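Have the sequence and the structure at hand.

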Amino acid sequence: MCGIFGYVGNQDAVNVTLTGLKKLEYRGYDSAGIAGFNGVSGEVKYCKVVGKISRLEEELNKLDLHLNTAIAQTRWATHGKPNEVNAHPHFDTSGSLALVHNGIIENHDALRKMLVAKGCIFKSETDTEVVAQLIGSLYEGDFLAAVQHALPLLHGAYALVMIHKDYPQQIFAVASAAPLVVGIGEQEAFLSSDVMALKAVVKEVLHLANNEVAVVRADQVETFDASMAKIVKTRETVSSDAEEISKGDFEHYTIKEIFEQPKTLNAAIASRYNEDYGTATLDGLHMDVTELLNVQRILILACGTSWHAGFIGAYMLEDLARIPVQVEISSEYRYKNPIVLPGTYVIAMSQSGETADTIAAVEELKAKGAKILALCNVHGSTLTRLADGCLYLRAGPEIGVCSTKAFTSQVVVLFLFTLLMARMRHMGKAEGQALLQALKPLPDQVQQVLEEANRIQQLAKDYSHYDNFFFLGRRHMYPAALEGALKLKEISYINANGYPAGEMKHGPIALINEQCPTVALCANKAVYTKMLSNLMEVKARNGRILAVASSDVDGLKDIADDIIWVPETIDELAPIPTSVALQLFAYFVARERGCDIDQPRNLAKSVTVE
Ligand code: F6R
């Protein structure tokens, strides 16, 4: 949420910073801004705009601004509307200090009142300006001292990147519960909210954490703790797997990522199973056999789409491995006073590894002594560094704001984990081998769904005028229905309700009429006939039905108005082909309605505020 980028060195800092910032645009796109110095004179130059980074670029071209030290931000609005005044950078009253921020300062109101009483003149409604004014008001010629005095007064989460007119060739940075990475190059240095934006430009990085402060110059990076004692941080090598991030021949990242799924599923599965023993082989758990056998219950924590994948995993783990599982939404769980019984193993799931609520919940559970396994897509992210073990999704960078390929990889990795846990307990070899036989063709089955894209596009056209939808499913297909509904609402702005089909009669069926179609997820064999009965109830109320199914026993064709056929697989894996079909459906509906698919309104990819 909010992307920060900074640069000091001999290149044109405006170009370098804009290039970096564009890679962070998935973190927010309400407004963008840049501030910096050109040369050794300490006049802060800046430019801010409402909207996307392309708007900032247009403005900068008009200004013909050249800088060699710059800080920039792309904003996801929290405090204050997305207008130019609220856009970052923010300044102190004297205009000597410019600051960009990612996070939330919770006590901004009290600080603002105190600063106004001291004579500070505020321009914006933001919590960020409060920090700029606070540090500015504490500055008496030593910037680090001002930062040191300010930090204990700030409550909340923040990554701050600052410049001051008295230090024109330096950038100051602080992080607390928000990601910030320093990239170290040859006679140049960078700052970024995400190491991914640094991959093409540096080989070594430092991750700042827990009120650590960095003073970044082109030829030197110094790090300090909150008391401004110097600390030596280990430099990490940036992995060289920097993938080309482009849309290729696709119109949007989202559709490109949907189409990548045969490949990403193959990657998620590759080398992670042993057919002879009918089991999974998972490097990265960092648990020995005894520890894994001692797992008595599992707690899955996640948000949004990752939570839906975790929910599917819970059905698998309970059914196949016979381990009790609790699935929790991180933002709710973190404010419980959880009972963590001995033998509890925590699986924290996050595509980005930066979701603030999941990280806070994990920190709480770590403090209670629980072992944490991360299921994550982004190497080196905060979650992977906190967890005891990590299973990477291997889905490659997911740029479209709505999660697609990471979701299917999460389900597959949970399936493999389930297989491992089941085989270590009661499951026989033949049953394990049968599960692997079902898993292996899955990427090809997803390819078959993708080959139906044209027909799904036609259906999407036909359904795109409706403003309300139900998505119904049972068992594994209930979380898949939640996920199908989420995809539609977030990229097409249509009201879509995911619901367990059997619950409709307890109230929501009152909403069904000819204006409210139902997307029925029927590819789950164990409850197929129950689903049909539920659909008859919808049909009796004139609701139009679009079914996603893998077989037509018992007359589905007579009940549903339209059917998307998906290949047949076992119930545990059936949410994957179905979800891919629903991703395509949501994509084409959104396209039909002219929505901004890769960057839907009000959203950001990495939710680093609570
Ligand atoms: C929906 C979506 C979000 C994320 C959620 C958690 O398409 O992308 O619901 O799934 O914000 O994000 P991660 O998985 O990064 O923790």
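The model is predicted: local features need pLDDT of at least 70, side-chain atom pairs need pLDDT 80 or more, and totals for chains, interfaces and linings use all residues. Residues are numbered from 1 along each chain as its sequence is written, and side-chain values use heavy atoms, with hydrogens and water left out.

**The shell around the ligand**

The ligand is surrounded by 15 residues, each with a heavy atom within 4 Å of it. Ser306, Ser350, Ser352, Thr355 and Glu490 are the closest. By type, the shell holds five nonpolar, eight polar and two charged residues; Gly counts as polar, and Asp, Glu, Lys and Arg as charged. Domain 2 (249-440) and domain 3 (447-598) both supply shell residues, so the ligand lies between them. These bounds come from an automatic or database domain assignment.

| Residue | Protein atom | Distance to a ligand oxygen |
|---|---|---|
| Thr355 | side-chain N or O | 2.4 Å |
| Glu490 | side-chain N or O | 2.5 Å |
| Val401 | backbone N or O | 3.5 Å |

On its own the ligand has 400 Å² of accessible area, and the protein covers 89% of that. Areas follow the Shrake-Rupley method with a 1.4 Å probe. Helix H9 (304-321) and helix H17 (477-492) are the elements that give two or more residues to the shell. Helices are DSSP runs (H or I) of at least four residues, and strands (E) of at least two.

**Two backbone features**

Most peptide bonds are trans, and most residues other than glycine have a negative phi. The bond from His88 to Pro89 is cis, with omega near 0°. Pro89 is in the loop between strand S4 (69-75) and strand S5 (90-91). Asp64 has a positive phi, near 55°. Its loop runs between helix H2 (53-63) and S4.

Conventions
A polar contact is a pair of N or O atoms within 3.5 Å; within protein, one must be able to donate a hydrogen and the other to accept it, and residues adjacent in sequence count only if both atoms are side-chain atoms.
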